Amino acid sequence: MIQQTLLLIKPNATKKNNIGAILKMVERNNFVIEKLKMMKMDEPLAEKFYAEHFGRDFYPFLLEFMLSGKIVAVLLSRENAIPKLRELVGNTDFEKANLGTIRSLYADSYRENSVHASDSPESAKREISLIFS
Ligand code: CMP
């Protein structure tokens, strides 16, 4: 089944000129870039995007980081896009991410983990509409 999913290239990766390298990995893994934009999140958008983490100890630092620089939002499609992108991105904790995954190559810390990928069809729908509507 062809699915759509959302990839965010986070501020640590955009600052370190890793946008092209990450997009190349995505395209080489047969994802089609349907929409792409560089942007800065503002606080209301970041709060909505990460609402499920509100109240967690890492939440203020997550927001501060996501507001700290430019991000690139990418709407992707391919067969089974949601699980396939999660596989390519690797574990949230970059130290546990499989070798060759995006986070194993471009994460700087647990928080500065270089990319976000939607984790379910419901999240993908919600996140795509937040960023691209
Ligand atoms: P992401 O896929 O964008 O989804 C939520 C983000 O919160 C996650 O990547 C991490 O960057 C961050 N995060 C989740 N859990 C923790 C944690 N325990 N400590 C620090 N950051 C976290």
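Reader: In the lining of the largest pocket, how many residues are nonpolar, how many polar and how many charged?

Author: Please keep in mind throughout that this is a predicted model. The lining of the largest pocket divides into six nonpolar, four polar and seven charged residues.

Reader: And what volume does the largest pocket have, and which residues are the closest to its centre?

Author: The volume of the largest pocket is about 440 Å³. Among the 17 residues that line the largest pocket, Tyr50, His53, Phe58, Thr92 and Asn113 are the closest to its centre.

Reader: Let me stay with Tyr50 for a moment; where is Tyr50 found, and is Tyr50 buried or exposed?

Author: Tyr50 lies in the loop between helix 3 and helix 4. Its relative accessible area is 5%, and because buried means under 20%, Tyr50 counts as buried.

Reader: Which residues is Tyr50 in contact with, leaving aside its neighbours within four places in sequence?

Author: With those neighbours set aside, Tyr50 is in contact with Lys10, Tyr59, Leu62, Leu63, Met66 and His116. As for Leu75, it is 25 residues from Tyr50 in sequence, and the two C-alpha atoms are 18 Å apart in space.

Reader: Moving on to the largest nonpolar core, which of its residues touch the most other members?

Author: That core has 21 residues, of which Leu6, Leu8, Met41, Phe49, Tyr50, Met66 and Ile131 touch the most other members. Two or more residues come from each of strand 1 (2-9), helix 3 (43-49), helix 4 (59-66), strand 3 (71-79) and helix 7 (121-132). Helix 4 gives the most to this core, with five residues.

Reader: Stepping back, how many helices and strands does the chain have, and what pattern does the chain follow along the sequence?

Author: The chain has seven helices and four strands, and reading along the sequence gives the pattern β-α-α-β-α-α-β-α-α-β-α. Its radius of gyration is 14 Å, close to the 14 Å that the globule rule gives for 133 residues, so the chain is as compact as a globular protein of that length.

Reader: What does the C-alpha trace span along its principal axes, and what share of the residues is buried?

Author: The C-alpha trace spans about 35 × 30 × 25 Å along the principal axes, and 48% of the 133 residues in the chain are buried.

Reader: One last topic, the backbone: what is the phi of Asn17, and is Asn17 buried or exposed?

Author: Asn17 has a positive phi of about 60 degrees although it is not a glycine, and it is found in the loop between helix 1 (11-15) and helix 2 (19-28). Asn17 has a relative accessibility of 68%, and because exposed means over 50%, Asn17 counts as exposed.

Reader: And what about Ser114: where is Ser114 found, and is Ser114 buried or exposed?

Author: Ser114 is in the loop between helix 6 (102-106) and strand 4 (115-117), and Ser114 is buried, with a relative accessible area of 0%. Its phi is positive, at about 75 degrees, although Ser114 is not a glycine.

Technical notes: Residues numbered from 1 in each chain as written. Predicted model: local features only at pLDDT ≥ 70, side-chain atom pairs only at ≥ 80, totals over all residues. Heavy atoms only, no water. 1 Å grid on protein atoms, 1.4 Å probe; cavity = no way out; pocket = protein on both sides within 12 Å on 5 of 7 lines; lining within 4 Å. Points joined across faces, edges and corners; volume = space filled by probe spheres on them. Nonpolar A, V, L, I, M, F, W, Y, C, P; charged D, E, K, R; others polar. Core = buried A, V, L, I, M, F, W, Y, C linked by side-chain atoms within 4.5 Å. Buried < 20%, exposed > 50% of the residue type's maximum accessible area, 1.4 Å probe, protein only. Rg over C-alpha atoms; globule rule 2.2 N^0.38 Å. Contact = heavy atoms within 4.5 Å.
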